[in-house]
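Trainee: Please take a close look at the side-chain pairs in this model. Which contacts tie the chain together, and what do they sit on?

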Amino acid sequence: MFHVLKINYDKPIEVIDQTRPAHLAWLADEVTAGRILLAGRQESGAGGVLITGDISTEDAQDIIDRDPYTLAGVVSYKRLSFNGGIRAPGL
């Protein structure tokens, strides 16, 4: 199962930016581990989007729960899961 994890900033960007270094370090580890394939801020600046690798729903929830933004209480997440039946080579 693949997951689109949409992050919404629940605090002003100045507050978000205080936790951003920890979030980016955590994110780099998740990408290295292959749990997250793509990540970036939304064009609107209202939050971010993470695309996971082929992981369980429980593992996706674990990603959400361990995000420093979540731990700091500055964001909320929405998860959209899909089976990824049609894939690019190598996925």
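**Side-chain pairs and their setting**

Mentor: Start with D54, which is partly exposed at a relative accessible area of 44%. The scale is simple: buried means under 20% relative accessible area, exposed means over 50%, and partly exposed lies in between, using a 1.4 Å probe and protein chains only. Keep in mind that this is a predicted model: local features need pLDDT of at least 70, side-chain atom pairs count only at pLDDT 80 or more, and totals for chains, interfaces and linings use all residues. Residues are numbered from 1 along each chain as its sequence is written, and side-chain values use heavy atoms, with hydrogens and water left out.

The partner of D54 is R87, and their side chains form a salt bridge with N to O at 3.0 Å. That term needs a side-chain nitrogen of Lys or Arg within 4 Å of a carboxyl oxygen of Asp or Glu. Helices (H or I, at least four residues) and strands (E, at least two) are DSSP runs, numbered from the N terminus. R87 is partly exposed as well, at 38%.

Now the network. Shared partners join E30, R35, D62 and R66 through salt bridges into one network. Take E30. It is buried, at 2% relative accessibility. One partner of E30 is R35, with N to O at 2.6 Å. R35 is partly exposed, with a relative accessible area of 32%. Another partner is R66, whose closest N and O atoms to E30 are 2.9 Å apart. This second bridge spans 36 residues, from E30 in helix α1 (residues 13-32) to R66 in helix α2 (residues 57-66). R66 counts as partly exposed, at 29% relative accessibility.

Next, the rings. A pair of aromatic rings is described by the distance of the centres and the angle of the planes. There are 2 aromatic pairs. Rings of Phe, Tyr and Trp (its six-membered ring) pair if their centres lie within 6.5 Å; planes under 30 degrees apart are stacked, over 60 edge-to-face, and the rest tilted. F2 and F82 are stacked, because their planes meet at 25°, with ring centres 5.9 Å apart. F2 lies in strand β1 (residues 2-9) and F82 in strand β4, so this pair ties together parts 80 residues apart in sequence. F2 is buried at 6%, whereas F82 is partly exposed at 37%.

Y9 and Y69 are edge-to-face, because their planes stand at 85°, with centres 6.2 Å apart. This pair bridges 60 residues, from Y9 in strand β1 to Y69 in helix α3 (residues 68-72). Y9 is buried at 16%. Y69 is buried at 1%.

What do these pairs sit on? An open sheet of 4 strands, ordered β2-β3-β1-β4, with antiparallel pairing. Two strands pair if DSSP finds at least two bridges between them. The edges are β2 (36-41) and β4, each pairing on one side only. Neighbouring strands are turned by 15° against each other on average, direction ignored. Axes are lines fitted to C-alpha atoms, for helices over the stretch in contact, and angles run from 0 to 180 degrees between N-to-C directions. Strands β1 and β4 pair in the antiparallel sense over 8 bridges. Y9 stands opposite V75 in β4.

Helix α1 packs on this sheet, touching β1, β2, β3 and β4, and its direction makes about 160° with that of β2. Contact here means heavy atoms within 4.5 Å. Helix α2 lies across β1, β2, β3 and β4 too, running at about 25° to β1. In α2, the residues A60, I63 and I64 are buried. They cover an arc of only 95° around the axis, which means they lie on the same side of α2. That arc is taken from the directions from the helix axis to the C-beta atoms. The cover over the buried residues of α2 includes β1, α1, β2, β3, α3 and β4.
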